[in-house]
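The entries follow in the order in which I looked things up.

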Amino acid sequence: MFKCEKCGLCCMNLNLNPLYKELDRGDGVCKYFDEKTRLCQIYSSRPVICNVDAMYDLCFSNLMSRTEYYRLNKKSCEKLRKKGVI
């Protein structure tokens, strides 16, 4: 299972990836993101695209190992944190 740090940066920067356009409330922030708690308001029923493990199983398992997929996701997280993109 992918270890999310729950920083919320990915949810606050949807405009960096066109795949999340439907979830963007217009300012790059996910319409389901709670800025006070920095958590998803619909986490248990979140879209598949927001679920790292489900997306691996659905779209990436035939392209790379789960370890590599997690590494790439973690790298993206670290990049957001390093830039402090908000």
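I looked up Asp27 and found a salt bridge with Arg25, the closest N and O atoms being 3.0 Å apart. I applied the term to a side-chain nitrogen of Lys or Arg within 4 Å of a carboxyl oxygen of Asp or Glu. The model is predicted, so I noted that local features need pLDDT of at least 70 and side-chain atom pairs count only at pLDDT 80 or more, while totals for chains, interfaces and linings use all residues. I also noted that residues are numbered from 1 along each chain as its sequence is written, and that side-chain values use heavy atoms, with hydrogens and water left out.

I then checked accessibility, taking buried as under 20% relative accessible area, exposed as over 50% and partly exposed as in between (1.4 Å probe, protein chains only). Asp27 is partly exposed at 46%, and Arg25 is partly exposed at 40%.

Which other residue forms a salt bridge with Arg25? I found Glu35, with the closest N and O atoms 2.6 Å apart. This pair links distant parts of the chain, 10 residues apart: Glu35 sits in the loop between β1 (33-34) and β2 (39-40), and Arg25 in the segment before β1. I took strands (E, at least two residues) and helices (H or I, at least four) as DSSP runs, numbered from the N terminus. Glu35 is partly exposed, with a relative accessible area of 46%.

I next recorded the salt bridge between Asp57 and Arg66, at 2.5 Å from N to O. Asp57 counts as partly exposed at 46%, as does Arg66 at 31%. Through shared partners, salt bridges join Arg25, Asp27 and Glu35 into one network. The structure holds 6 salt bridges.

I turned to the aromatic rings. Rings of Phe, Tyr and Trp (its six-membered ring) pair if their centres lie within 6.5 Å; planes under 30 degrees apart count as stacked, over 60 as edge-to-face and the rest as tilted. I noted 3 aromatic pairs by this rule. The ring centres of Tyr56 and Tyr69 are 5.3 Å apart and the planes stand at 40°, so this pair is tilted. Because Tyr56 lies in helix α1 (residues 52-60) and Tyr69 in helix α2 (residues 66-83), the pair ties together parts 13 residues apart in sequence. Tyr56 is buried at 7% relative accessible area, and Tyr69 is buried at 8%. Tyr56, Phe60 and Tyr69 form one aromatic cluster.
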